[in-house]
Amino acid sequence: MNLTDRVVVITGGAGGIGTALGRRFAAEGAAAVVLADLAADAARAAAEAIGPVASGAGLDVTDEAAVRALVEETERRHGRIDLFCANAGVATGGGIDAPDADWDRAWRVNVLGHLHSARAVLPGMLSRGQGHLLLTCSAAGVLTAVGDAPYTATKHAAVGFAEWLAITYRDAGIRVSALCPQGVDTPMLADGLAEGHLGARVIAASGTILTPDQVADAVVAGLAEERFLILPHPEVADYARRRAEDPDGWQAGLRKLVRKLRASFPQS
């Protein structure tokens with residue numbers, strides 16, 4: 001995808017990766033960038049900082065009617081949506097003892113949020129025979145988010161859903177990409193580290209922490225090449241191969257890392 005003159009919607013757009021994507025897409029010449037987020041005021045402030053090409057809106061991605069309304073309003077104002085970035089996501093830092101409410105919210109945001117956006121935006125894309133869906137799925141979707149069971153389970157589901165979309169709609173002109181970064185300097189990671197979550201400590205110990213702008217650079221390159229898996233951390237591909245070739249060895253390595261971190265941070 002060449003982003004020049006494209007109309008783009010980004011959920012989870014009020015900060016972190018979402019805002020970085022909006023900023024980069026605007027720099028690439030997008031005709032319109034809509035930043036949508038549960039934090040409506042923050043989304044509008046982020047859009048104002050990007051410039052006149054951007055606008056902000058409030059959105060709860062777990063509300064299918066609200067997602068549909070946003071898509072309809074964007075299509076009414078701009079005529080179409082060329083790229084929909086389903087970027088909203090939540091982490092919990094919990095295991096099997098995480099409250100049911102945390103499991104439910106992770107499912108509703110990290111999986112059903114993608115479903116709601118696909119249901120809303122695909123009819124218009126299919127009628128034009130073109131469009132691109134970008135689902136932010138996390139490296140946890142191809143590996144594991146140690147210390148966060150709801151996040152791991154729902155991000156694996158998100159990758160599976162993205163792959164299903166890619167297989168089902170590619171021949172109809174729809175491109176699908178799954179964005180799977182590892183450690184990114186966002187409030188989600190910072191908050192996890194501040195609260196001593198094991199998963200956040202594993203991420204911090206596992207490799208380079210990228211900036212959201214670096215992730216946006218990887219996304220632009222991945223969209224241009226129409227790649228399904230967009231991996232801002234190239235090492236994730238190597239990890240995934242090792243995991244597939246030797247799952248027992250892969251799990252043993254992670255358990256060793258967890259033991260080391262727990263010895264250093266007993267509270268985690």
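Close-up 1. Helices here are DSSP runs of H or I with at least four residues, strands are E runs of at least two, and both are numbered from the N terminus. This is a predicted model, where local features need pLDDT of at least 70 and side-chain atom pairs count only at pLDDT 80 or more, while totals for chains, interfaces and linings use all residues. Residues are numbered from 1 along each chain as its sequence is written, and side-chain values use heavy atoms, with hydrogens and water left out.

The axes of helix 3 (residues 64-78) and helix 4 come within 8 Å and cross at roughly 30 degrees; axes are lines fitted to C-alpha atoms, for helices over the stretch in contact, with angles from 0 to 180 degrees between N-to-C directions. Helix 3 and helix 4 are therefore roughly parallel (under 35 degrees; over 145 is roughly antiparallel, 65 to 115 roughly perpendicular, and the rest oblique). On the helix 3 side, the contact is made by Glu64, Val67, Arg68, Val71 and Glu75, and on the helix 4 side by His116, Ser117, Arg119, Ala120, Val121 and Gly124 (contact means heavy atoms within 4.5 Å). Sorted by class, the contact of helix 3 with helix 4 has four nonpolar, three polar and four charged residues; Ala, Val, Leu, Ile, Met, Phe, Trp, Tyr, Cys and Pro count as nonpolar, Asp, Glu, Lys and Arg as charged, and the others, Gly among them, as polar.

**Close-up 2. Helix 4 against helix 5.** Here the axes of helix 4 (residues 100-128) and helix 5 come within 8 Å, crossing at roughly 15 degrees. That makes helix 4 roughly parallel to helix 5, and the crossing is right-handed. Among the residues that meet are Trp103, Trp107 and Leu122 in helix 4, and Tyr151, Phe161 and Tyr169 in helix 5. The contact of helix 4 with helix 5 divides into 17 nonpolar, three polar and one charged.

**Close-up 3. Aromatic rings.** How many aromatic pairs does the structure hold? There are three. Phe161 and Trp164 have ring centres 6.4 Å apart and planes at 5 degrees, so they are stacked (rings of Phe, Tyr and Trp, using its six-membered ring, pair with centres within 6.5 Å; planes under 30 degrees apart are stacked, over 60 edge-to-face, the rest tilted). Both sit in helix 5 (residues 149-169), three residues apart, about one turn of the helix. Phe161 counts as buried at 19% relative accessibility, while Trp164, at 46%, is partly exposed (buried is under 20% relative accessible area, exposed over 50%, partly exposed in between, with a 1.4 Å probe and protein chains only).

Tyr239 and Trp250 have centres 5.8 Å apart and planes at 40 degrees, so this pair is tilted. Tyr239 belongs to helix 9 (residues 235-245) and Trp250 to helix 10 (residues 247-264), so the pair ties together parts 11 residues apart in sequence. Tyr239 is buried at 18%, and so is Trp250 at 13%. Ring pairs also link Phe161, Trp164 and Tyr169 into a cluster.

Close-up 4. His132, in strand 5 (residues 131-136), is buried at 1% relative accessible area. Leaving aside neighbours within four places in sequence, His132 contacts residues including Met1, Phe84 and Arg175. Ala162 lies in helix 5 and is buried at 0%. Not counting residues up to four places away in sequence, Ala162 touches Leu135, Val176, Ala178 and Phe228.

Technical notes
Left-handed = near helix turned anticlockwise from the far one by under 90°.
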